[in-house]
Amino acid sequence: MATNDDQLPLPIHAPDPRRLPAPEGEVFRRHTRAHVLMDLCEHVDAERRSEIAREILVLGADSLPALARTAASRHENAAALARSLIRLLMPDEIGRQIYLGLLRDRRNYAVEQGAVLLARLSYPNLPVQRVIRDIDGLAKKASTFIYNKMGVERDQAKTVAKEKTLDVIKLLSEFWRDEGFHGNVDDYYSDRNSYIPDVLERRTGLPIALSVLYIAVARRLHLHAEGVGMPGHFIVRIKVATPEGEQFVLIDPFQGARALNVEDCKQQVESHGQPFVPDEHLKASAPIEILSRMCNNLLALFDHQKKTLDSERVATVLVHIQPRDPVPLLIRAERRLRRNDRAGARADFQKARSLDASGPIGRTAEELLRRMDFDNPFM
């Protein structure tokens with residue numbers, strides 16, 4: 001089979017994308033090369049498949065369309081290889097997409113978009129926009145429930161949300177409970193509790209995942225909802241205009257969207273051995289903080305389960321969304337070293353050292369670089 005792009009029998013209309021300058025032309029060439037390689041790999045020996053795998057990894061996320069096509073095919077060897085390569089490449093693509101979204105709109109980024117993207121760590125073929133439409137549908141159902149109860153028309157929704165905010169919040173909480181949303185206390189340590197598609201389907205999850213979904217619905221109802229990351233728990237605050245000025249209603253989606261008072265929050269924080277500082281512990285979390293916290297939850301879970309590769313994949317997402325932070329690089333390097341990817345670990349240690357040349361992370365990276373030639377660097 002020909003592998004030269006110029007010999008491919010493709011229906012090309014001017015301008016020929018193979019002749020375009022980078023990046024458009026380069027992306028096209030990478031897509032095409034990936035398709036050619038995956039077409040080759042069904043009927044070659046294991047050594048050649050390993051060579052193809054290495055070239056696909058060099059091509060990177062631009063190979064994903066070809067890999068997705070092959071993974072769905074009936075070619076057993078090629079499909080198995082494609083699925084394993086998707087697993088390795090998907091974290092870079094997830095991290096890149098979240099980072100670009102945050103770059104475009106850092107403060108007002110729709111955090112549910114990033115949270116749905118994170119689910120592709122376990123469901124690489126997940127149609128993200130379909131899940132977003134499911135959230136839209138849930139919000140539409142909530143609005144019908146709320147505005148029927150209030151006896152107002154849908155076109156009055158924005159005005160009602162502004163003038164009768166407390167009533168809307170109360171009815172949203174009622175809707176939340178009627179829909180069966182609740183915290184998963186029986187199987188708390190499951191990665192499915194962190195993935196929005198699973199939360200939508202099973203109506204249960206972790207506090208932060210339930211809060212992200214609650215915020216997404218509340219904002220579609222024109223409520224000013226934000227996440228609040230307390231120590232050991234995650235809740236939602238909703239801004240309410242009062243004669244005395246702006247105030248906040250605190251909601252716990254994990255506990256049936258019940259309203260909280262400051263004393264409840266104080267007890268929660270102090271139960272984790274910290275003094276309660278309202279201005280610190282009840283402030284809004286930025287989208288990047290919420291998504292980083294979701295990643296850290298998954299890191300802790302996979303480390304507990306000793307799933308080193310899964311932990312490394314989560315760290316890869318963090319490397320993308322926190323590009324100036326050396327900590328995710330250090331985390332990923334350590335996981336890579338544990339599964340004997342010494343080249344990848346060395347590159348991460350070196351970058352972490354350069355980002356924190358005179359700090360504790362840089363010194364730790366330097367020390368682990370020195371230990372890399374030991375048989376057991378962790379002794």
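**Notes on the predicted model**

1. Asn-340 is found in the loop between H15 and helix H16 (342–355), and that's a handy place to start looking. Keep in mind that this is a predicted model. The phi angle of Asn-340 is near 70°, a positive value in a residue other than glycine. Most residues other than glycine have a negative phi. Is Asn-340 buried or exposed? Asn-340 has a relative accessible area of 55%, and the cut-off for exposed is over 50%, so this residue counts as exposed.

2. His-222 is another residue to check on the backbone. Its phi is also near 70°, again a positive value in a residue other than glycine. His-222 sits in the loop between H10 and strand S3 (225–230). With a relative accessible area of 42%, His-222 falls between the 20% and 50% cut-offs, so it is partly exposed.

3. Now for the confidence. The average pLDDT of the protein chain is 90, and 92% of the residues score at least 70. Which helix has the lowest confidence, and which the highest? Helix H1 (residues 24–40) is lowest, with a mean of 85, while helix H10 (residues 207–220) is highest, at 98. Be careful with residues 1–20, where the pLDDT is below 50.

4. On to the overall picture. The protein chain has 17 helices and 6 strands. Its C-alpha atoms fill a box of roughly 70 × 55 × 40 Å, taken along the principal axes. Of its 379 residues, 48% count as buried. If you take the contacts between residues at least 6 apart in sequence, 56% of them join residues at least 24 apart.

5. The largest pocket holds about 330 Å³ of space. Its lining is made of 18 residues, and those nearest the centre are Tyr-188, Tyr-189, Leu-206, Pro-207 and Asn-297. Which elements supply at least two residues each to this lining? They are H10, strand S4 (233–242) and helix H13 (287–304). H13 gives the most, with 7 residues. Sorted by class, the lining has 9 nonpolar, 7 polar and 2 charged residues.

6. The second largest pocket has a volume of about 280 Å³. Here 13 residues form the lining, with Leu-57, Leu-88, Glu-312, Arg-336 and Arg-339 nearest the centre. Helix H4 (76–104), helix H14 (308–321) and helix H15 (326–338) are the elements that give two or more residues to it. The class count for this lining is 5 nonpolar, 1 polar and 7 charged residues.

7. Ser-194 is in the loop between strand S1 (182–183) and helix H9 (196–202). Why does Ser-194 count as buried? Its relative accessibility is 7%, and the cut-off for buried is under 20%, so Ser-194 qualifies. Leaving aside neighbours within four places in sequence, Ser-194 is in contact with Leu-206, Ala-209, Met-294 and Leu-298.

8. At 31% relative accessibility, Ser-122 counts as partly exposed. Which residues does Ser-122 touch, not counting those up to four places away in sequence? The answer is Asp-191 and Tyr-195. Ser-122 and Tyr-195 are 73 residues apart along the chain, and their C-alpha atoms are separated by 8.7 Å.

9. Last, the cysteines. How many disulfides are there? Taking a pair of cysteine sulfur atoms within 2.5 Å as the test, the count comes to 0 disulfides. Two cysteines are worth looking up in the model. Cys-265 has 1% relative accessibility, which is under 20%, so it counts as buried. Cys-295, at 0% relative accessibility, also counts as buried.

Technical notes: Residues are numbered from 1 along each chain as its sequence is written. This is a predicted model: local features need pLDDT of at least 70, side-chain atom pairs count only at pLDDT 80 or more; totals for chains, interfaces and linings use all residues. Side-chain values use heavy atoms; hydrogens and water are left out. pLDDT is the predictor's confidence in each residue, from 0 to 100. Helices (H or I, at least four residues) and strands (E, at least two) are DSSP runs, numbered from the N terminus. Contact means heavy atoms within 4.5 Å. On a 1 Å grid over the protein atoms alone, a cavity is a set of points where a 1.4 Å probe fits but cannot get out, and a pocket is an open set with protein on both sides within 12 Å along at least five of seven lines; lining residues have an atom within 4 Å of a point. Grid points are joined across faces, edges and corners, and a volume is the space filled by probe spheres set on the points. Ala, Val, Leu, Ile, Met, Phe, Trp, Tyr, Cys and Pro count as nonpolar, Asp, Glu, Lys and Arg as charged, and the others, Gly among them, as polar. Buried means under 20% relative accessible area, exposed over 50%, partly exposed in between (1.4 Å probe, protein chains only).
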